[in-house]
Amino acid sequence: MTLWSGLLSLALGSAGLAQDNGAVSGTGAVLRGLDKVNGRTTDAELPIGGSAELFGLLVTVADCRYPAENPTGDAFAFLTIREPDTGAVQFEGWMIASSPALSALDHSRYDIWVLRCNSS
């Protein structure tokens, strides 16, 4: 098994966990944004289907799921992150709160990751 096929298997396996029958859908997601130039952070709560601008990037939450037995941990959120001016997609996929580097936004200045799902 090559490194790339191993990473792909790991990523696909993690995405499958988000769709596991033991996962509960949340009503929204709590995200954190970081401006790497000045070290400033901001948190945002977005409902499912909602969008917000975080540090010049437009973030949309399509889904957020978490294990029924652990509502405060191991959240998985399906995000689309775009440049607001051009609409160019910078990231689209599942982000995992407990392993943010596994499926991360690759942007030169900004970083955005999932903290948890809202359950009410």
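Modeller: Before we start: buried means under 20% relative accessible area, exposed over 50%, and partly exposed in between, with a 1.4 Å probe and protein chains only. This is a predicted model, where local features need pLDDT of at least 70, side-chain atom pairs count only at pLDDT 80 or more, and totals for chains, interfaces and linings use all residues. Residues are numbered from 1 along each chain as its sequence is written, and side-chain values use heavy atoms, with hydrogens and water left out.

Colleague: Is Arg116 buried, partly exposed or exposed?

Modeller: Arg116 sits in strand S8, residues 110–118; strands here are DSSP E runs of at least two residues, and helices are H or I runs of at least four, numbered from the N terminus. Its relative accessibility is 37%, so Arg116 is partly exposed.

Colleague: How far is Arg116 from Asp74 in space, C-alpha to C-alpha?

Modeller: In sequence, Arg116 and Asp74 are 42 residues apart. In space, their C-alpha to C-alpha distance is 7.5 Å.

Colleague: What is the order of elements from the N terminus on?

Modeller: The protein chain has one helix and eight strands. From the N terminus on, they run α-β-β-β-β-β-β-β-β.
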